[in-house]
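Here are some friendly notes to read with the model open beside you. Take the points in order and find each residue as you go.

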Amino acid sequence: GPITTEYGGSTRYEPGGKHFGIDIAAPEGTPIGARVGGIVKEVQRGSKWTPNTPSFGNFILIQTPTGETIRYSHLYEDFVKVGEQIQKGQKIGTVGGTGSTYSQHHEGPGPHLDF
């Protein structure tokens, strides 16, 4: 989908006005493939849309083989569990609108992936 907020762009909740990820718009339920392989370190479930409270909503945190972490946020659902080894391209979840889903181009609860 289209990038609605670029890395370093501005959103209403980022410290100092900088966005430290990218927002990619897509319809709710769109499958998400892992950008790289790694180990699932954290899975957050049960979040709702929180328009006035900063939140990543439902998310998956993956640690890569080089030790970096990647967070896939605002998910509708996830398909992984903590400790699971995942492969590049593996379907790990779907796009949603949980947490504070705002971007500079979309003022409202729009589904997207914050990567």
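1. Start at E42: its bridge partner in strand 5 is L61. Keep in mind that you are looking at a predicted model.

2. Strand 4 has another neighbour to find. Which residue of strand 8 is the bridge partner of G38? Look for I86, which takes that place. Strand 8 covers residues 85-86, and two bridges pair it with strand 4 in the antiparallel sense.

3. Now step back to the whole chain. How many helices and how many strands does the secondary structure come to? The count is zero helices and ten strands, so the pattern along the sequence is simply β-β-β-β-β-β-β-β-β-β, with strands defined as DSSP runs.

4. Next, have a look at strand 9, which pairs with two partners listed here: strand 3 and strand 7.

5. Is strand 9 mostly covered or mostly open? Mostly covered: four of its five residues are buried. T94 sits in this strand. Why is T94 called buried? Because its relative accessible area is 2%, and the cut-off for buried is under 20%.

6. What does T94 touch, leaving out residues up to four places away in sequence? Its contacts are G29, T30, P31, I32, L75, Y76, E77 and F79.

7. Then turn to the largest nonpolar core, which has 15 residues. Y72 and I92 have the most contacts inside this core. Strand 4 (38-44), strand 5 (59-63), strand 6 (69-73) and strand 9 (91-95) each supply at least two of its residues.

8. The chain has 115 residues, and 43% of them are buried. Among contacts between residues at least 6 apart in sequence, 57% join residues at least 24 apart. The chain exposes about 6200 Å², and carbon and sulfur atoms supply 53% of that area.

Terms used. Residues numbered from 1 in each chain as written. Predicted model: local features only at pLDDT ≥ 70, side-chain atom pairs only at ≥ 80, totals over all residues. Heavy atoms only, no water. Core = buried A, V, L, I, M, F, W, Y, C linked by side-chain atoms within 4.5 Å. Buried < 20%, exposed > 50% of the residue type's maximum accessible area, 1.4 Å probe, protein only. Pairing = 2+ DSSP bridges. Contact = heavy atoms within 4.5 Å. Areas by Shrake-Rupley, 256 points an atom, 1.4 Å probe, with all protein chains shown as cover.
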